[in-house]
Amino acid sequence: MNIAQAPVADATESNPPNAVFIPGGTFRMGSDRHYPEEAPSHMVSVDGFWIDRTPVTNRQFKEFVRSTGHVTFAEVPPDPKDYPDALPHMIYAGSLVFTPPDHPVDLRDYSRWWTLLKGANWRRPYGPKSNIKSLDDHPVVHVAHADALAYARWAGKDLPTEAEWEFAARGGLDGTEYAWGDEFAPGGVHQANTWQGHFPFENRCEDGYPRTSPVMSYPPNGYGVFDMIGNVWEWTSDWWAPKHQADAKKACCIPQNPRGGPEHDSHDPSLPLSRIPRKVIKGGSHLCAPNYCRRYRPAARHAEPIDTSTSHLGFRCVTRPGRK
C-alpha cells in the first residue's frame, strides 16, 4: 500500500548535498505484530524534509573532525560521579565492541558478546590495533548522541525524529514488513546487511559482510534512500518511551510531526542510580538475526543511553525546509 502523501513542502529552499527530498505524508507508524515497544500502531503525519541518502561515513566524519577538532565521547575518560554503579577499574575511555563467542550462549546475557573495549573509538572501531584506512565508505560508528548532534549542527542539519526516520525508511510503502516489501530476501537476494546464521556465534556471511558494509552496497528504497535497514543502527532526536501513543479518536486529530516522550521518563528503570536518559534508535544493524533482535524493519525501535557508543551504531541527518 502506498503512503498517503500530504502537500509537498517547498523543496527549493535548500538542496543539501547527498540528500533526498521526502514529501510529507500520513502513514501508520509502529507495529502490533512484533516487539511490545513497537505497539500500538497508529496514524501520524509528517511534513516534507530532506534526509541524507546514506548514513554518515567515516570519510564525512573525518572531515568534520578535521574542521572542528571535535573529540568524541568514547575518546574521553568518563567522570566516575556519573557512573555510581561502575567498578573503578571500568572507568576508562572506550566503547562497546561486538566480540563474538565461538559457541552458543545465553541470549539474555548480552555481556557474552559485547565488550567495553579500552581505546575503541571511531578511528579504531575494533580496538587500539585497528584503523579505518580501508573503511572510508563505511558508516562511522562509536558515536554517542552528542557526537551525532555536533556533526549535524556543523553540517547545518539536524537528527531525524523517530516519525521522520520511519516514514523515510518505508520508501512510500505503508504496512509492509520491510522497507522493500513483505518478503525478507525476494528471489533469495539480500536487501540489507543483517546476520545470517545463529547469533552470536555463527555468522555465515551470506550477504558478503561479517561487520559493516560500504554504504550503497544494497538497493535503495522507494525514495532512493540507502541503508535505512541493517548495517548500523541510527540515532534519532526523540527521547525513548516504552510504547507508542494510541490512535487519535478522530481523523482530524492525527498527530502532526510527533515527538517522543519526555526526557525524565526515558531513563532505564532497571538502573535507578544511573540517571542517563535514552534516545530512540532505528533500523537494526548487521547484528540483527532471525533468532535474536528481528529489528531489521522500519517499525522496529530500541532505547539507547545518550552516553553509549558501539561498533554497530551510526546516524544520518535531515534538513527541514522552512522549519527549524
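The text below covers the whole chain and then two residues.

The model is predicted: local features need pLDDT of at least 70, side-chain atom pairs count only at pLDDT 80 or more, and totals for chains, interfaces and linings use all residues. Residues are numbered from 1 along each chain as its sequence is written, and side-chain values use heavy atoms, with hydrogens and water left out.

The protein has three helices and twelve strands (DSSP runs: H or I of at least four residues for helices, E of at least two for strands, numbered from the N terminus). Its C-alpha trace spans about 55 × 45 × 40 Å along the principal axes. Of its 324 residues, 52% count as buried; buried means under 20% relative accessible area, exposed over 50%, and partly exposed in between, with a 1.4 Å probe and protein chains only.

Two residues are set side by side here.

Contact means heavy atoms within 4.5 Å. Not counting residues up to four places away in sequence, K157 touches P16, P17, D52, A152, C317, V318 and T319. With the side chain of D52, the K157 side chain makes a polar contact at 2.7 Å (a pair of N or O atoms within 3.5 Å; within protein, one must be able to donate a hydrogen and the other to accept it, and residues adjacent in sequence count only if both atoms are side-chain atoms).

With the same exclusion, H302 touches W233, W240, K279, V280, I281 and R295. H302 and Y223 lie 79 residues apart in sequence and 24 Å apart in space, C-alpha to C-alpha.
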